[in-house]
Amino acid sequence: MIQTKKELKEYLKADFDIQGMKYPLLSRLTFGENYAMFSYIKNLRYLEYYTNKKQNPWDKLFYYYYLVKHRRKSLKYQINISPNTIGKGLFLVHPGFRRIGAYMKIGDYCTILPMVLIGKKSPTANTSCCTIGNHCYIGTGAIIMEPVTIGNNVIIAAGAVVTKDIPDNAVVAGNPAKVIKILNNVVGGK
């Protein structure tokens with residue numbers, strides 16, 4: 001959780017670095033996808049900061065400003081990520097539908113492609129225990145049906161439907177998703 005300006009700067013730097021923008025001003029002026037996704041993430045980080053920090057009276061104005069801006073960007077880019085759910089180094093490759101609810105916990109340096117849905121197996125399912133580890137890659141069209149725990153360094157293939165827990169260093173694919181490969185010599189980081 002981002003509670004200080006130092007943590008906010010650390011998260012923003014990690015999020016910016018993972019985007020790989022060599023010329024951010026040019027990307028912004030030409031409406032590049034990387035800059036659009038970074039602007040969404042940047043606003044999300046500021047919303048998290050003003051949600052978590054010790055509130056001064058004027059901080060409420062900033063909180064509501066970033067909340068309204070987050071809602072607007074969510075509708076524009078079809079991305080619905082709740083604050084305080086994802087660690088630093090988030091990489092959203094393109095605009096497109098993604099839904100990550102407030103009861104999720106996703107680790108650092110994860111990549112999430114479009115058309116990813118993380119939801120309940122049934123209306124009565126427990127929603128408090130869906131966890132995704134660090135350095136995970138979630139492919140286009142993946143569906144994660146909670147409650148599940150996904151380990152670190154996991155690759156979820158495009159169109160996979162995850163209904164059970166996944167161990168560390170695994171590649172999963174299919175409907176329902178099955179481990180098709182265990183990765184050896186995995187080094188954390190991108």
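Tutor: A residue counts as buried when its relative accessible area is under 20%. This is a predicted model. By that cut-off, 45% of the 190 residues of the chain are buried.

Student: Why is Leu-117 called partly exposed?

Tutor: Its relative accessible area is 32%. Buried means under 20% and exposed means over 50%. The value for Leu-117 lies in between, so the residue is partly exposed.

Student: Where does Leu-117 sit?

Tutor: In strand E6, which covers residues 116-120.

Student: What makes the nonpolar surface patch of about 250 Å²?

Tutor: Phe-97, Met-115 and Leu-117 make the patch. Patch residues need over 30% relative accessible area. Leu-117 has 32%, so it passes that cut-off.

Student: How do you know that the radius of gyration of the chain agrees with a compact globule?

Tutor: With 190 residues, a compact globule would have a radius near 16 Å. The chain has 17 Å, which agrees. Along the principal axes, the C-alpha atoms fill a box of roughly 50 × 40 × 30 Å.

Student: What is the accessible surface of the chain?

Tutor: About 10,200 Å². Carbon and sulfur atoms account for 58% of that surface.

Student: How many helices and strands are there?

Tutor: The chain has four helices and 14 strands.

Student: Where is confidence lowest, and where is it highest?

Tutor: Helix H2, residues 24-29, is lowest, at a mean of 80. Strand E11, residues 155-156, is highest, at 96. The chain averages a pLDDT of 88, and 95% of the residues score at least 70.

Conventions:
Residues are numbered from 1 along each chain as its sequence is written. This is a predicted model: local features need pLDDT of at least 70, side-chain atom pairs count only at pLDDT 80 or more; totals for chains, interfaces and linings use all residues. Side-chain values use heavy atoms; hydrogens and water are left out. Patches are made of residues with over 30% relative accessible area and no salt bridge: like charges are joined within 9 Å, nonpolar side chains (Val, Leu, Ile, Met, Phe, Trp, Tyr) within 5 Å. Accessible areas come from the Shrake-Rupley method with a 1.4 Å probe; for residues, only the protein chains shown count as cover. A salt bridge is a side-chain nitrogen of Lys or Arg within 4 Å of a carboxyl oxygen of Asp or Glu. Helices (H or I, at least four residues) and strands (E, at least two) are DSSP runs, numbered from the N terminus. Buried means under 20% relative accessible area, exposed over 50%, partly exposed in between (1.4 Å probe, protein chains only). pLDDT is the predictor's confidence in each residue, from 0 to 100. The radius of gyration is taken over C-alpha atoms; the globule rule is 2.2 Å times the number of residues to the power 0.38.
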